[in-house]
Amino acid sequence: MTIIIIILVLVIAILTVYNMSIHKKIQDFQILHQKVTNLNIIQDFVDIAGNDMNVDEKIRAINDVIIEKYEVKYSTIVVFDGANYIIKASNVDEKHWDSISKLHELDIFKDSISTTNPKYLTVNNERERLPYQQQEFGRAKSAIFFPLYIDNVYIGYWLIESGTPHDFDNIDITIFEKAKENMINVMKAVNYQQTLESIVRKDLFTGLNSAEYLYGEGKKIIDRYTSSAVCMFRIANIEEINKVSRELGNKVITKVSEHIKNNMSDIYIFVRYMGPKFAIVFCGVNSDNASDFINEIKESTEKLQISLSDNNFTEQNLEENSNKKTKNRTKKKKEDIVVSPVLNFVVSTYYKGTGIEIVLKSLEKYLDDAESNTSQISSI
């Protein structure tokens, strides 16, 4: 009998050790699975950061990944732009957005914002509602509020919600903390892109986009192709024209850009780069083919006859108009001065995946180093 008891004890001890071993392996597997999941999510976030989308689209894509991979019912990202709290991404019905965008005003979340710690809220039964809910009863019963900071600067908050009471009671909060870190890293990465998107403007004289367009929205179009010809030109005699009249110089810039824009395909990108320098990107076109167009546009543009009068002339009607001028005029007025632009072109190739700003800087340096009044087409 004693032997049987000893055997049973040994069996129980072995089974206990075995069960503990199995439990440990299950825990290890769960931890490994979570690590793999987190790595996959990080990869998704990295892919989003490098994707061809604007900033708002990237934030919405991040939110979609969180909802899918972490299996949360609702997720909302709210960003403070310095003046207002704006919902950048959410799968919550828009009728609830007003209350969600005002969570920072509630005392229960003010402490969370000041301490940077997440805030967990839940109810005990289906009849209760969360403190920030005004007219909703059946949607969310549990929520976690995460304040968002970039380099110790408060930028908004992230709210995840569940329709089940106490749904987040036993969850490992570090999982969501990791998701928050990844989210912030992506938002930091697109911060420069957001700045570029916000400073793109229309040039006053020409109506063209500024150079910043090439680094944001323009680059999305350019990067549809493996390579593109990039051209920059300068109105080489603008300084001489400005000595005669600054107003005439402005008109030359306006007429040159207008002429080129009207004679150029809409599929190409034309921007005012800086001062008398302009850039054209021939999307998907090689430098040799672009040179044919550049030759034509250079020739036609340099034939323009521009003055401060209401009429601007080609070579033919300039001669006709000159016959109408008073022959005994002894002093030429500024309005009667007619000038033609002199253009200096340089062309290079941009390859997808490289820095277009580097190509543009090399083109700009070439034009800046060229002798004054140089009029030619160069390739570098």
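Let's start with helix 9 and helix 10. Helix 9 covers residues 246-262 and helix 10 covers residues 287-301. They pack at an angle of about 140°, axes 10 Å apart. Axes here are lines fitted to C-alpha atoms over the stretch in contact, and angles run from 0 to 180 degrees between N-to-C directions. So the two helices are oblique to each other: not under 35 degrees (roughly parallel), not over 145 (roughly antiparallel), not 65 to 115 (roughly perpendicular).

Which residues of helix 9 meet helix 10? Val 256, His 259 and Ile 260. Across from them in helix 10 are Ile 297, Ser 300 and Thr 301. Contact means heavy atoms within 4.5 Å. That set splits into 3 nonpolar, 3 polar and no charged residues.

A word on the model. It is predicted, with local features needing pLDDT of at least 70 and side-chain atom pairs pLDDT 80 or more, while totals for chains, interfaces and linings use all residues. Numbering runs from 1 along each chain as its sequence is written, and side-chain values use heavy atoms, without hydrogens and water.

Next, Asn 63. This residue sits in helix 2, residues 55-69.

Last, the whole chain. There are 12 helices and 11 strands, taken as DSSP runs: H or I of at least four residues, E of at least two. Of 380 residues, 42% count as buried.

Key: Buried means under 20% relative accessible area, exposed over 50%, partly exposed in between (1.4 Å probe, protein chains only). Ala, Val, Leu, Ile, Met, Phe, Trp, Tyr, Cys and Pro count as nonpolar, Asp, Glu, Lys and Arg as charged, and the others, Gly among them, as polar.
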